[in-house]
Amino acid sequence: MAEEGTIMKSKPVDGDLNRTTRSLFDALHCATGEFAMLGHQNETSNVIGENTDSDVHAVTGSYPAVWGNDLGGVELDQNRNLDGFGAEAIRSEMLRAFNMGAINTLSWHSANPLTLGGYGHNMAEGTVEAVLPGGEAHGKFLGWLDRIAAALTTITDANGEPIPIIFRPFHEHTGDWFWWCTGSPDHPTDTTPEQFVALWRMTVEYLRDTKHVHNVLYAYSPDRSRIDMSTPESRETGYLYAYPGDEYVDVLGFDDYWDIAPAETSAEDPQARHADLIAMLTLVGRLGEERGKLAAATEVGSPGIFADSYACDSHDLTIVGQSDATAAEVGSPSPDSPWTKYLLTAALANEYTRRALWYLPWRNDPNAAGTGAYGTPVAGSRYADDFRRFVRHDFIRLADALPPLYK
């Protein structure tokens, strides 16, 4: 860990990154603090609006700057991922994003290596121990990583080079719903922090050193809901619980639905949740600066009724005042402004929150409509106008406003 007050030089996990991936790494470090990007999961494969290939484009006139997809199912050699999207469609979407100058990120909702259980049936005692060297499922898991390596490297540019991907394996490990989860310091699972670190390092080393995958940046993303926010010390301890080490992480991220769209809104205080969101963004931004890492809100809830009940203060109105139109709306007593008055004010709160490079709402799944796990507003919906103001603020970027990232 860096000494207090020091800043570490940025160095990628993979010293042999291909040209375009190294270009992305350098460009994102240069962009840190200058702007933040809107991301979206399953951008063109999960669309609600009619006569459009993208709900974001239908509302804003452009596509997201960060496109998310998932590899779940690839490990089982399936032609569709766990959400039902075909492998070829995912590859096509990712190549399209790259060709427009946007960024691709992949999560991996892996089946359980012992039980093959998926969503809702993913936990099984002893799973991480079983996939580590010497474990009963170690060979099987390496075979799964062979398939992941192929998926990461078979999407190529015009020169035949694998396109850059920000890979986010073993996400939300501080929870208790995936087979790799450690839980939190106060509520641990049977997986120890040491086992999680070994799993992460084994995966990176196998992909990088054995399978020669050199087009990947690795993102770490604990779940915010299990982090103790009571003190700065408990917050940092919770965030870094089972951290794999600076040599194995390029991006310090976190997944946060809790502070933006909690399930039990009546029991939560929007002022307190907004302060906690700022505290988390400040933490990852500060740690990113100290450790030479990129920072991001790797998954976020969709701002809605709860976020819209937040009451802006004078500081909020000042920091969003870079855009007169946005400031006027945020300062208005009228409702329906959760994206600007809640998420934007958090992004702009201080020098460290500004280091978070992207915010990625989940996919526009009609089954999740009305929940915090639903993604972005649809054309003509209640928050569409405010969403448009959010993405067109001076600090936020869509794909059409990005500088060249792949020189």
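Biologist: Which residues does Glu 172 touch, not counting residues up to four places away in sequence?

Modeller: Contact here means heavy atoms within 4.5 Å. In this predicted model, Glu 172 touches Trp 177, Phe 178, Cys 181, Ser 221, Pro 222, Asp 223, Asp 255, Tyr 257 and Glu 299. Glu 172 itself is found in the loop between strand 4 and helix 6.

Biologist: Is Glu 172 buried or exposed?

Modeller: Buried means under 20% relative accessible area. Glu 172 has 8% relative accessibility, so it counts as buried. Glu 299, at 3%, also counts as buried.

Biologist: Where does Glu 299 lie, and with which side chain does the side chain of Glu 299 make a polar contact?

Modeller: Glu 299 is part of strand 7, residues 294-300. Its side chain makes a polar contact of 2.8 Å with the side chain of Arg 168. Among the other residues that Glu 299 touches are His 171, Phe 254 and Trp 362.

Biologist: Which residues does the UniProt annotation "active site" cover?

Modeller: The annotation, from an unreviewed entry, covers Glu 172 and Glu 299.

Biologist: What should helix 6 span, at 1.5 Å a residue?

Modeller: The 18 residues of helix 6 (residues 193-210) should span 26 Å, and the end C-alpha atoms are 24 Å apart, which agrees. Buried residues of helix 6 include Phe 196, Trp 200 and Tyr 206. The cover over the buried residues of helix 6 includes helix 5 (138-153) and strand 5 (216-220). Just after helix 6, His 212 has a positive phi of about 55°.

Definitions and conventions. Residues numbered from 1 in each chain as written. Predicted model: local features only at pLDDT ≥ 70, side-chain atom pairs only at ≥ 80, totals over all residues. Heavy atoms only, no water. Helix = DSSP H or I, 4+ residues; strand = E, 2+ residues; numbered from the N terminus. Expected span 1.5 Å × (residues − 1). Buried < 20%, exposed > 50% of the residue type's maximum accessible area, 1.4 Å probe, protein only. UniProt positions renumbered as here; feature names shortened; annotations may be inferred. Polar contact = N/O pair within 3.5 Å; in protein donor to acceptor, adjacent residues only side chain to side chain.
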